[in-house]
Amino acid sequence: LIPLLLQVALGQRDRLMLFGDDYPTPDGTCIRDYVHTDDLASAHLLAITATTPTTAEVYNIGTGNGQSVRQVHRACEDVTGRKIPLQVVARRPGDAPALVADPAKLKTQLGWQPKHPDIRAVVETAWTWHQRYPKGYADKAAGPARA
């Protein structure tokens, strides 16, 4: 969702297709648990390090907080300072109204904490990346990625 919204902000798409605004959620749009890619990677590394040949652990990765499509949309408009048009279309079959992870086991057993727990921080770093690499990793003119 975030890359698609930022592509609209960059003029690479005309608008975002919003698949349904009639879900039983506060603003009618789906709620998801958006995790920063750095946080996702750090959680995977912790789980890999903690895994042994006899380990059969499963960890949910997420912030434990969900944001709706409209909340993410607003965060993207706020961060970019640009209007991002939406077009509401029919729901996609099978989309759940809300999916939010419970990272309690990951936090208690492995000590993981997200470094980017709020949606604005996730969008800010994504916006910085998308401005630097407007064509994604195929944008060779931008040079190698730097942390």
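Is Arg91 buried, exposed or partly exposed? At 39% relative accessibility, Arg91 counts as partly exposed, where buried means under 20% relative accessible area, exposed over 50%, and partly exposed in between (1.4 Å probe, protein chains only).

## Basis of the description

This is a predicted model, in which local features need pLDDT of at least 70 and side-chain atom pairs count only at pLDDT 80 or more, while totals for chains, interfaces and linings use all residues. Residues are numbered from 1 along each chain as its sequence is written, and side-chain values use heavy atoms, with hydrogens and water left out.

Helices (H or I, at least four residues) and strands (E, at least two) are DSSP runs, numbered from the N terminus.

## Salt bridges

Side chains of opposite charge can pair when their charged atoms come close. A salt bridge is defined here as a side-chain nitrogen of Lys or Arg within 4 Å of a carboxyl oxygen of Asp or Glu. The count by this rule is six salt bridges. One of them joins Arg91 to Asp22, with the closest N and O atoms 2.9 Å apart. This pair links distant parts of the chain, 69 residues apart: Arg91 belongs to the loop between strand E4 (86–89) and strand E5 (98–99), and Asp22 to the loop between strand E1 (16–19) and strand E2 (31–32). Asp22 is exposed, its relative accessible area being 53%.

Another salt bridge is formed by the side chains of Arg92 and Asp95, at 2.9 Å from N to O. Arg92 is partly exposed at 44% relative accessibility, and Asp95 is partly exposed at 22%. A further salt bridge, at 3.0 Å from N to O, brings together the side chains of Arg120 and Glu124. Both residues lie in helix H5 (residues 119–132), four residues apart, which is about one turn of the helix. Arg120 has a relative accessible area of 38% and is partly exposed; Glu124, at 34%, also counts as partly exposed.

## Aromatic rings and charges

A pair of aromatic rings is described by the distance of the centres and the angle of the planes. Rings of Phe, Tyr and Trp (its six-membered ring) pair if their centres lie within 6.5 Å; planes under 30 degrees apart count as stacked, over 60 as edge-to-face and the rest as tilted. By this rule there is one aromatic pair. Trp129 and Tyr133 form this tilted pair, with 5.2 Å from centre to centre and 35° between the planes. Trp129 is partly exposed, with a relative accessible area of 26%, whereas Tyr133 is buried, with 4%.

Charged side chains also sit over rings, a term that requires NZ of Lys or CZ of Arg within 6 Å of the ring centre and within 35 degrees of the ring normal. The charged end of Arg91 sits over the ring of Tyr23, 4.0 Å from the ring centre. Lys105 lies over the face of Tyr59, at 5.2 Å from the ring centre.

## Strands

Strands of a sheet pair through backbone hydrogen bonds, either parallel or antiparallel. Two strands are taken to pair if DSSP finds at least two bridges between them. An open sheet of three strands has the order E3-E2-E5, with mixed pairing. Its edge strands, each pairing on one side only, are strand E3 (67–68) and E5. E2 and E3 are antiparallel and pair over two bridges; the bridge partner of Arg32 in E3 is Gln67.

E1 and E4 run parallel and are joined by four bridges. Leu18 has Val88 as its bridge partner in E4.

Helix H3 (residues 69–80) has twelve residues, which at 1.5 Å a residue should span 16 Å, in agreement with its end C-alpha atoms being 16 Å apart. The expected span is 1.5 Å times one less than the number of residues. Among the buried residues of H3 are Val69, Val72, His73 and Cys76. The cover over the buried residues of H3 includes helix H1 (2–9), E1, E3, E4 and H5, with contact meaning heavy atoms within 4.5 Å.

The 14 residues of H5 should span 20 Å at 1.5 Å a residue, and its end C-alpha atoms agree, at 20 Å apart. The buried residues of H5 include Ile119, Val122, Ala126 and Trp127. These buried residues of H5 pack against H1, E3 and H3.
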